[in-house]
Amino acid sequence: MIKKKVVKVLSIIFVVFILFPFECEAQILPKLLFEKALQESREGNFIQADKDWSSYLTNNPDDAAALSNRGNIRLALGDPQGAIKDQTKAIEISPEDTDPYLNRGIAEEALQLWEEARNDYNYVLKKNPKDVSALYNLGNVMGSMDNWIEAKKLFSQATLSNNAI
């Protein structure tokens with residue numbers, strides 16, 4: 001009798017831990033990989049973060065946040081074109097999210113694409129006129145375009161804005 005119960009329990013354990021984990025892994029592993037890539041990004045481990053974002057995006061190609069995060073990593077690794085590509089795709093997927101516009105503007109600045117960066121920062125400011133990062137970055141762009149009066153105005157607005165960088 002005990003032997004039958006042991007066999008039954010072991011059979012249940014086998015089914016639960018051997019067969020169902022594949023379904024669980026399909027749900028859990030992407031979340032873990034996302035968190036791992038995010039942590040690596042925060043810690044400055046950009047090469048590994050790029051690999052993990054790319055791996056995550058292989059199975060989740062429409063995750064705008066992951067694309068934007070990988071774009072930031074690519075910029076940090078010296079690939080502004082790759083960053084712009086990722087940010088643009090993130091914008092296509094989630095056009096109302098302002099982070100990819102801000103991030104793409106930074107990559108465009110790296111390539112001295114002043115007009116494109118200005119357009120992206122202006123989009124962010126249409127959505128949130130007090131966005132400190134957009135105000136400050138647009139000030140940098142205007143200075144780069146030799147419009148120092150506008151740059152000074154934007155820097156002053158950024159200083160007076162009520163949200164933090």
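This is a predicted model: local features need pLDDT of at least 70, side-chain atom pairs count only at pLDDT 80 or more; totals for chains, interfaces and linings use all residues.
Trainee: Why is phenylalanine 34 called buried?

Mentor: Its relative accessible area is 16%. Buried means under 20%, exposed over 50%, and partly exposed in between, with a 1.4 Å probe and protein chains only. At 16%, phenylalanine 34 therefore falls in the buried class.

Trainee: What places tyrosine 56 in its accessibility class?

Mentor: Tyrosine 56 has 9% relative accessibility and therefore counts as buried.

Trainee: How many aromatic pairs does a search of the whole structure find?

Mentor: The search gives 5 aromatic pairs. Phenylalanine 34 and tyrosine 56 form one of them, with 5.3 Å centre to centre and 70° between the planes. Rings of Phe, Tyr and Trp (its six-membered ring) pair if their centres lie within 6.5 Å; planes under 30 degrees apart count as stacked, over 60 as edge-to-face and the rest as tilted. The pair of phenylalanine 34 and tyrosine 56 is accordingly edge-to-face.

Trainee: What makes this a link between distant parts of the chain?

Mentor: Phenylalanine 34 is in helix α2 (residues 21–43) and tyrosine 56 in helix α3 (residues 46–59), 22 residues apart. A helix here is a DSSP run of H or I with at least four residues, numbered from the N terminus.

Trainee: Why is the pair of tyrosine 136 and phenylalanine 155 called tilted?

Mentor: The angle between their planes is 45°, which belongs to neither the stacked nor the edge-to-face range, so the term is tilted. Tyrosine 136 lies in helix α8 and phenylalanine 155 in helix α9, 19 residues apart. Tyrosine 136, at 40%, is partly exposed, and phenylalanine 155, at 28%, is partly exposed.

Trainee: What makes α8 roughly antiparallel to α9?

Mentor: The axes of α8 (residues 132–144) and α9 (residues 148–160) come within 8 Å and cross at roughly 165°. Axes are lines fitted to C-alpha atoms over the stretch in contact, with angles from 0 to 180 degrees between N-to-C directions. Angles under 35 degrees count as roughly parallel, over 145 as roughly antiparallel, 65 to 115 as roughly perpendicular and the rest as oblique. The pair α8 and α9 is therefore roughly antiparallel.

Trainee: How do you know the arrangement of α6 and α7?

Mentor: The axes of α6 (residues 99–110) and α7 (residues 114–127) come within 8 Å and cross at roughly 160°. These helices are therefore roughly antiparallel to each other.

Trainee: What makes aspartate 146 count as exposed?

Mentor: Aspartate 146 has 63% relative accessibility and therefore counts as exposed. This residue lies in the loop between α8 and α9, and its phi is near 60°, a positive value.

Conventions
Residues are numbered from 1 along each chain as its sequence is written. Side-chain values use heavy atoms; hydrogens and water are left out. Helices (H or I, at least four residues) and strands (E, at least two) are DSSP runs, numbered from the N terminus.
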